[in-house]
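Subject: Structure handover

Hello,

Here is the structure for you to take over. My notes on what was found in it follow below.

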Amino acid sequence: MRIPYYPGCTLSTKAKGFDRAARDSMAALGIELAELKMWNCCGATFPLSRDNLLDLAGPVRNLVSAATESDKLAVACSTCFNVLKRSNLVMRNEEDKREKINFFIEAEYAGEVEVLHLLEILRDVVGWDNLSKAVKKNLSDLSVAPYYGCMFLRPPKEMGFDDHENPQILENFLRALGAQVADYPHRAECCGNYIAAFDLETTKEMSYLILASARKAGADLIVTSCPLCQFNLDRWQQDLAMKHGGFRPIPVLYDTQLLGIALGLDATAFDLDKHYVDPRPLLAAKGLI
Amino acid sequence: MAEDKAPITRVLIIGAGIAGIQAALDIANSGYEVVLVDKEPSIGGRMLQLSETFPTLDCAQCILTPRTVEAGHHERIRLMTFSEVTAITGEIGHFTATVQRKPASVNWDVCTGCGLCQEKCPTKVASPFDRGMGKRKAIYTLSPQAVPNKPVIDRDACTWFTRGKCRLCEKVCPVHAIDYEQQATTTEVEVGAIIIATGYNLYALENLGEYGYGQIPDVVDGLAFERLLSASGPTAGKVRRPSDGKEPKQVVFIQCAGSRAPETAMPYCSKICCMYTAKHAMLYKHRVHDGTAYVFYIDVRAAGKRYEEFYHRATEEDCVLYIRGKVARVFREGDQVIVWGADTLSGASVEIAADMVVLAPAMVPHPETRRLAEMLGIPTNPYGFLLPLDDNVLPVETTRPGVFLAGAVTSPKDIPETVAQASAAAAKVLSLFAQWSGVPQAMETPVGAEAS
């Protein structure tokens, strides 16, 4: 099965391992992620003011491009997924905006494409049972904390594929991989997001709450599908360990990296060495790489 | 239907909670016959589950049981419990209702209500009447004061029905009333008018993932807390939390769980929760003197006779701590339940390490109501509450002549309002029956004529 795939900017630069693991893993599961022939930045933020149509032009161009190839578009990055899915809903449901945007980008698009996150494809196309069967490595000794962040689930009516207050898709994903799921209350709390750009200390402390909570729940590892969350959670752990006595740094992986590892794929291309908290000693100790 | 056939001066009342019972007694005491149907084995409805009523703190059962007993013994009230109305045909004056009675597996004509079967039955299951916190036997009555005080067998729990073993109740029954072969029976009743009083249910709190209801045992709903406070409840009125039976020292009450939430649940105010939460917190403090009660609220709506004073009593005399704001997350940590919320008056985030959380869920119509509405062609609002003919001046009438509404079936209501509306519905039925019975229409001597 071939599904057009939108990698996005971060997965083409800072998070190449995320991208590579996504493509390799899905291929191993029989799904070819075919990179869109023409794509551009999604804008990285869905416009906050309702009349800001210009910022929708970028994401919609990607959807128009996808529509020439298929009725589906696969996305791995939570933030791109959020922007593309919501932009698509504007094109589908808001006629006056659709007309203006189409006029501006010279297209005739009405939201025909279904924007799907890789986890949705795993759940709805592959199926958890089939995923389980494809797992080659034993993850039963690994306790993983699922981290959703904000943009993956919210706003709930638009994202709408899981309960935003009690999401289960990452938990079910981890269970399908055979890992233990660490239950902790901060799994959908904000990591600090772009606050890092102007108030780093606040971001660090917000991330610390999540990291410490995951550790307290016995997690060995955190998994997320958002590059900014991954960065915020991963980047400052040495500082946090110095500030908060007793805090042990915890590796933060992308969902697709753990997926690829569980499927027994060659993880050398997954850029595990690019993480600030090196996950390799843990993964090696658990016999996974 | 023959033109000359006289209208039937008998009423069918669907739902035997406080609304149905009130209307039944009003009509029966006026000399007309009542058929009172309820799906439960005995009458009393939700009110029988309550501990004490606001704002007087009267014992709910003490108020209600004289009425259930009167209804049970009334020569003009025919109780049809453990039964559901499956079809209604006809029009005002001549309705035919089909009532299906579920098999009780006990011959009620013979049963004396001695209770020996319940005493000896070896199978215990979680009691829905006690919101799953207490146990009942597989052969059961809802409460020791049940009317009628005749048991039924829960065929999903009884080991004779599930595994073909036991029959102990049959052996011990002194009057041989147990009948495992009993079938559902169908009865047709002819009535001239109908009152729908099917009451309310609680909003499905599992939909509100932030509160952890259904996952954390010490997060309970308001009705469960009523059972914990009730002297006839699973803990005999002692406040004990479900997980380990400990006395909770920190209890967080959360109002508007699903009410006033147009984005996520029900947009309307459920009206009774402010008052019963104040009552819960107050009664909790009366039982656990060293305990702390917190209440998260949006507003305190205490519009009613002596309601505002009741709320003040909770805060001033019983030192209940009111926090204006919503709760964002409830989760388990060790044996505690941590509550994250916002205090919107001070602008602070609040974290409370509680032993127990009590949610005040939105009131929603009983699921059966929609089926009845379809059967009778009565419109509902988007949430399934039945629409009266006019909210202002025809509050108990419906678009269907001869069909009336009483209690929470039209909107959330407390007990006094429900009772008042039930009597109103009864009055409407009685005015029809009086016309049909040929009560003199004109006054023989105009009122005040003597004085002139």
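**Contact between the chains**

Chain B puts five residues into its contact with chain A, and chain A puts in four residues. On the side of chain B that touches chain A, two residues are nonpolar, one is polar and two are charged. Please keep in mind throughout that this is a predicted model.

**Domains of chain A**

Chain A is assigned two domains: domain 1 covers 2-118, and domain 2 covers 138-285. Their C-alpha centres are 24 Å apart. Domain 1 of chain A brings 21 residues to the contact between them, and domain 2 of chain A also brings 21 residues. On the domain 1 side, α2 (16-28) and α4 (78-93) of chain A each supply at least two residues. The largest share of that side, nine residues, is from α2(A). By class, the side of domain 1 of chain A that touches domain 2 has nine nonpolar, six polar and six charged residues.

**The sheet in chain A**

Chain A has an open sheet of four strands, paired in parallel, in the order β2-β1-β3-β4. Its edges are β2 (32-35) and β4 (114-117) of chain A; each has a single partner strand, so one side of each has no neighbour in the sheet. From one strand to the next the twist averages 45°.

Four bridges join β3 (residues 72-75) of chain A to β4(A) in the parallel sense. Within this pair, A:Leu73 has A:Val115 of β4(A) as its bridge partner. Helix α6 (residues 118-126) of chain A packs on the sheet and touches β3 and β4 of chain A. The direction of α6 makes about 95° with that of β4(A).

**A helix pair in chain B**

In chain B, the axes of α1 (residues 18-28) and α10 (residues 415-436) come within 8 Å and cross at roughly 40°. The crossing of α1(B) past α10(B) is right-handed.

From α1(B), the residues in contact are B:Ile18, B:Ala19, B:Gln22, B:Ala23, B:Asp26 and B:Ile27. They meet residues of α10(B) including B:Ile415, B:Val419, B:Ala422, B:Ala426, B:Val429 and B:Leu430. The residues of this helix contact divide into 11 nonpolar, four polar and one charged.

Regards

Notes. Residues numbered from 1 in each chain as written. Chains lettered and ligands numbered in written order. Predicted model: local features only at pLDDT ≥ 70, side-chain atom pairs only at ≥ 80, totals over all residues. Axes fitted to C-alpha atoms, helices over the stretch in contact; angles between N-to-C directions. Left-handed = near helix turned anticlockwise from the far one by under 90°. Contact = placed C-beta atoms within 7 Å. Nonpolar A, V, L, I, M, F, W, Y, C, P; charged D, E, K, R; others polar. Domains from an automatic or database assignment. Pairing = 2+ DSSP bridges.
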